[in-house]
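Visitor: I have a structure to read. Could you walk me through it, feature by feature?

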Amino acid sequence: MPAGRDIDWLLPPDVERLRTLERWCLVLLELIRGRIAEIERRDRVTDAARNGPAVTPLNEWKLEHPIPIGRGGCMLVHTADCRLASGRTRPTTREQALDALRQPQVETCSICPAAQELGITDP
């Protein structure tokens, strides 16, 4: 932010309302990232249709392993193009992703639409 610009008028003065705005921004960011991934996937399908028969990738998912520090940690299932996935991932088929999600220590990514695309619904 340029020096001399005062943004205090823009933000509420108390922590409670600032936390509310913070949460709202995080939810909005999650929705935006999901929409971007959806549009990018749609564009790839459109480009593939223009360029010839579509080839369905064998590994449309990634399984991310937790950092091996201490005990615990949760494995995450991501879509293949999720930008939140770390370098600790391995390619996974749909069936392998669904099998992994049957384990209590495996969850879907909260940013990419993996749960939606796998047909997972909250209990």
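Guide: Start with the source. This is a predicted model. The mean pLDDT of the chain is 80, and 82% of its residues reach 70 or more.

Visitor: In which elements is confidence lowest and highest?

Guide: Confidence is lowest in H3, at a mean of 82. Helix H1, residues 15-51, has the highest, at 88.

Visitor: How many helices and strands does the chain have, and in what pattern?

Guide: There are three helices and four strands. Along the sequence they run α-β-β-β-α-β-α.

Visitor: What share of contacts joins residues at least 24 apart?

Guide: Take the contacts between residues at least 6 apart in sequence; 57% of these join residues at least 24 apart.

Visitor: And the surface? What do carbon and sulfur atoms supply?

Guide: The chain exposes about 9500 Å². Carbon and sulfur atoms supply 58% of that area. Buried residues make up 20% of the 123 residues.

Visitor: Which residues touch the most other members of the largest nonpolar core?

Guide: First the general idea. In soluble globular proteins, nonpolar side chains tend to be buried together. Now this case. The largest nonpolar core holds 14 residues, and Leu63, Val77, Val106 and Leu118 touch the most other members. Strand E1 (61-64), strand E2 (75-79), helix H2 (94-100) and helix H3 (114-118) each supply at least two residues of this core.

Visitor: Take valine 77. What is it in contact with?

Guide: Leave aside neighbours within four places in sequence. The contacts of valine 77 then include Leu63, Ala97, Leu101, Val106 and Leu118. Lys62, Glu107 and Thr108 are also among them.

Visitor: How many disulfides does a search find?

Guide: A disulfide is a covalent bond between the sulfur atoms of two cysteines. Here, a search of the whole structure finds zero. Cysteine 112 is in no disulfide; its nearest cysteine sulfur belongs to cysteine 82, 3.8 Å away. The cut-off is 2.5 Å, so a pair must lie within that to count.

Visitor: Is cysteine 112 buried or exposed?

Guide: Cysteine 112 is buried, because its relative accessible area is 10% and the cut-off is under 20%. Cysteine 74 has 26% relative accessibility, so it counts as partly exposed.

Visitor: One more residue. Where is glutamate 117, and what does it touch?

Guide: Glutamate 117 is in helix H3. At 32% relative accessibility, it counts as partly exposed. Not counting residues up to four places away in sequence, glutamate 117 touches Arg41, Trp61, Thr79 and Arg94. Arginine 94 is 23 residues apart from glutamate 117 along the chain, and their C-alpha atoms are separated by 9.8 Å.

Definitions and conventions. Residues are numbered from 1 along each chain as its sequence is written. Side-chain values use heavy atoms; hydrogens and water are left out. Buried means under 20% relative accessible area, exposed over 50%, partly exposed in between (1.4 Å probe, protein chains only). Contact means heavy atoms within 4.5 Å. Accessible areas come from the Shrake-Rupley method with a 1.4 Å probe; for residues, only the protein chains shown count as cover. A nonpolar core is a set of buried Ala, Val, Leu, Ile, Met, Phe, Trp, Tyr and Cys residues joined through side-chain atoms within 4.5 Å. pLDDT is the predictor's confidence in each residue, from 0 to 100.
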